[in-house]
Amino acid sequence: MAGIAGNAADSERSAMKRFLLLLRQLAVEFDAFADSAEADALMVVLNGIALPLADADGKPVAGSRPAGDFLAAASRILLMRNRSRRRRPSRLAGRRSTPVPARHWRAHCRRACAYASRR
């Protein structure tokens, strides 16, 4: 797949974009992580999917994690964290922010996903 995308960095970036889009759709469009009968029914279906576990280097390890629980934890870590940051007034308001280098974002997402898979 990396060969199709051109290089490994582009492939990782587009995979992360697709993952964040999935989380946003589940959280916003489907309200999958809310306290409702519909959300509970969706979580039952998602938790029927077993995600294999991997270590920080991406090597498979024994066991699995229910997809619904993993996605709910990833949503709290990756989406809600950004929301709380936006609400705080910035002392640099009005200035253009500097984008975070891709290598830092990838490292953060790897740590977040590893953390979410352990919970």
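Please keep in mind along the way that the model is predicted.

If you then colour the chain by accessible area, buried residues make up 24% of the 119 residues.

Next, select residues 50-54, which form strand S1, together with residues 60-66, which form strand S2, and you will see two strands that pair in the antiparallel sense over five bridges. To follow one of these pairings by eye, pick Ala 50 and look across to S2, where its bridge partner is Pro 66. Then move to the hairpin of S1 and S2, which has five residues between the strands, and select Gly 58, which takes a positive phi near 90°.

Now turn to the surface and select Asp 31, Asp 35, Glu 38 and Asp 40, which gather there in a patch of negative charge. Is Asp 40 buried, partly exposed or exposed? Asp 40 has a relative accessible area of 47%, and it therefore counts as partly exposed, since that class lies between the limits of 20% for buried and 50% for exposed.

How values were computed. Residues numbered from 1 in each chain as written. Predicted model: local features only at pLDDT ≥ 70, side-chain atom pairs only at ≥ 80, totals over all residues. Heavy atoms only, no water. Patch = residues over 30% accessible without salt bridge, like charges linked within 9 Å, V, L, I, M, F, W, Y side chains within 5 Å. Areas by Shrake-Rupley, 256 points an atom, 1.4 Å probe, with all protein chains shown as cover. Salt bridge = Lys/Arg side-chain N within 4 Å of Asp/Glu carboxyl O. Lys, Arg positive; Asp, Glu negative; His and termini not counted. Charge placed at Lys NZ, Arg CZ, Asp CG, Glu CD. Buried < 20%, exposed > 50% of the residue type's maximum accessible area, 1.4 Å probe, protein only. Pairing = 2+ DSSP bridges. Helix = DSSP H or I, 4+ residues; strand = E, 2+ residues; numbered from the N terminus.
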